[in-house]
Amino acid sequence: MHIWAVAGGKGGTGKSLVSNGLGMRLAEQGHDVILVDTDYGGPNQHTYCGIRKPQTSLAQFFDEKLPLAEIVQHTKIERLRLIPGNINSHDTDNLNTMQKRKLFRHLKSLRADDVILDLGAGTGYDTLDTFLQADIPVGVIAPDTLAIENFYLFLKNLKYRQLGNTLSGLGLRDRAKDIWKNRREYGIATTKEFVAHLRTLSPEFSERFDAEQKKLHMHVVLNQVREPRQAEIGLAVKSAVGKFFNIDAAYAGHVHYDKDLWQQFGQDGPALHRGSSFTLRQDLERITEGILKASFPEAT
Amino acid sequence: MEEKACRRILEVAADASMEDITQAYQMLKRIYEKEESLFTAPSMDEFSSEAREEILAGIEAAFRELVRLHADAQPRLQSPPAAPSKGDLPMDGKALRRFREAAGVPLDLVASRTHVRAEHLRALEEERYWDLPPAAVNVRGFLAAYLAELGLPIDEIAAPYMERFQAWRARRQR
């Protein structure tokens, strides 16, 4: 089973749309797919799937301890199932880390070929950890400075989180924190110098951190393309991910902006159903193929 | 630098052709040469001008290395072509092709070394002006690169060649 994680920093770039498109395409190809709406603060995967009133939701997993297998719902698309977000809970966005970790553990035991996690905006630890642990991490951006800036912030946090996790795993976290706090005394100004210092401190850290860094990879999707000249932005960001952040990235392609998509919601049936948004669906199919075809020789 | 590392820097596949590599190189230059590109986040330390210059230097070095490796991998000329005698000049397209073939230089080799597409070079040799770019300056540029690659005198050959090209163009416009 493959766990996909769709994230990207800023809200409104199209994470839900891309998650949904991936799910539809994979299901069409004969995969058993489960979409999971882990956008706790803004769940709407059920609306994409055309389910007006979900009968079950993640709230039952968190509040009533119901097993995930009992929450999974069928959609109108064959082989595509959904775990809706916790819509009817009072405290949607304040789940604690323990709860979210528990969810990730349980997701692994679901019976499906692909589990697609539609992660929310932001750079919370759980979002970062899920992205780091996913088999297929997908970053969604839009061609504007705001989205791109937030995406880079997401990457930066991802790298810090990875560093923190590596240090915790070796019991070095507190010591490292202390060094960072007193970095002036150590002659450290940048993260790069900080890592260099930690390397001299512990060869074990150096080894483990390199291994973790090598594993980090992602697919980049550019959404909301309105003009042909915007397409190169996707390639440029993909390139910058590798060159400025040292993360192995593959460009999955771009998705055109669909000005009529809003009309597809709230109707009985999936928003991306046959007969609607032809270009959009074609783009999402191309993206899915692009992701499945990409390889990361360094990461494996 | 190893070939694999160079290809990684230029973000091209292991089987990318020299033309793909050149295109990738040009795009990367376009991306990283301007500081105020849309895709950068100037507020972040990661995007310092030093970092950008380091990346550009890496791209430049990787491309130069790949061009060198590619040229080395090409079949070498057994002996450099003998210079044409004064009586042979000026040479038309047909004569140029005869000269190139006698020297044992494949057209693809000239194409990869000059970065002029083989179809254009073939059109030059066959004086199929209509298959060449419309601007005389481009045709003259292709021809000069071709002649330089074969070690032929540029002015003596290019001047009458371009006269023929211009005459054809004037006829066509009438």
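In the predicted model, A:Val220 has A:Tyr251 as its bridge partner in strand S8 of chain A, strands being DSSP runs of E with at least two residues and helices DSSP runs of H or I with at least four, both numbered from the N terminus. Strand S7 of chain A, residues 217–225, runs parallel to S8(A) and is joined to it by seven bridges; two strands are taken to pair if DSSP finds at least two bridges between them. Both belong to an open sheet of eight strands in chain A, with mixed pairing and the order S3-S4-S2-S5-S1-S6-S7-S8. The edges of this sheet are formed by strand S3 (73–74) and strand S8 (248–256) of chain A, each of which pairs on one side only.

Because this is a predicted model, local features require pLDDT of at least 70 and side-chain atom pairs count only at pLDDT 80 or more, whereas totals for chains, interfaces and linings use all residues. Residues are numbered from 1 along each chain as its sequence is written, and chains are lettered from A and ligands numbered from 1 in the order in which they are written.

Chain B contains eight helices and zero strands, so that its elements, read from the N terminus, follow the pattern α-α-α-α-α-α-α-α, helices being defined as DSSP runs. Its radius of gyration, taken over C-alpha atoms, is 20 Å, whereas a compact globule of 174 residues would have a value near 16 Å under the rule of 2.2 Å times the number of residues to the power 0.38. Along the principal axes, the C-alpha atoms of chain B fill a box of roughly 65 × 45 × 25 Å. The domain assignment divides chain B into domain 1 (3–73) and domain 2 (86–173), with bounds that come from an automatic or database domain assignment, and the C-alpha centres of these two domains lie 31 Å apart.

Of the 174 residues in chain B, 21% are buried, a residue being called buried if 20 or more other C-beta atoms, placed from the backbone, lie within 10 Å of its own, exposed if 12 or fewer do, and partly exposed in between. In helix H4 of chain B (residues 93–102), the buried residues are B:Leu96, B:Phe99 and B:Arg100. These residues lie on the same side of H4(B) because they cover an arc of only 95° around the axis, the arc being that of the directions from the helix axis to the C-beta atoms. B:Phe99 counts as buried because 20 other C-beta atoms lie within 10 Å. The face turned away from the buried side of H4(B) carries the exposed residues B:Lys94, B:Glu101 and B:Ala102. The buried residues of H4(B) pack against helix H6 (118–125) and helix H7 (136–150) of chain B, and just after H4(B), B:Gly104 takes a positive phi of about 75°.

Between the chains, 14 residues of chain B are in contact with 15 residues of chain A, contact requiring C-beta atoms, placed from the backbone, within 7 Å. Helix H2 (18–33) and helix H3 (49–73) of chain B each supply at least two residues of the side that touches chain A, and H2(B) gives the most, with three residues. By class, this side of chain B has 10 nonpolar, one polar and three charged residues, where Ala, Val, Leu, Ile, Met, Phe, Trp, Tyr, Cys and Pro count as nonpolar, Asp, Glu, Lys and Arg as charged, and the others, Gly among them, as polar.

Methods: Two residues are in contact if their C-beta atoms, placed from the backbone, lie within 7 Å.
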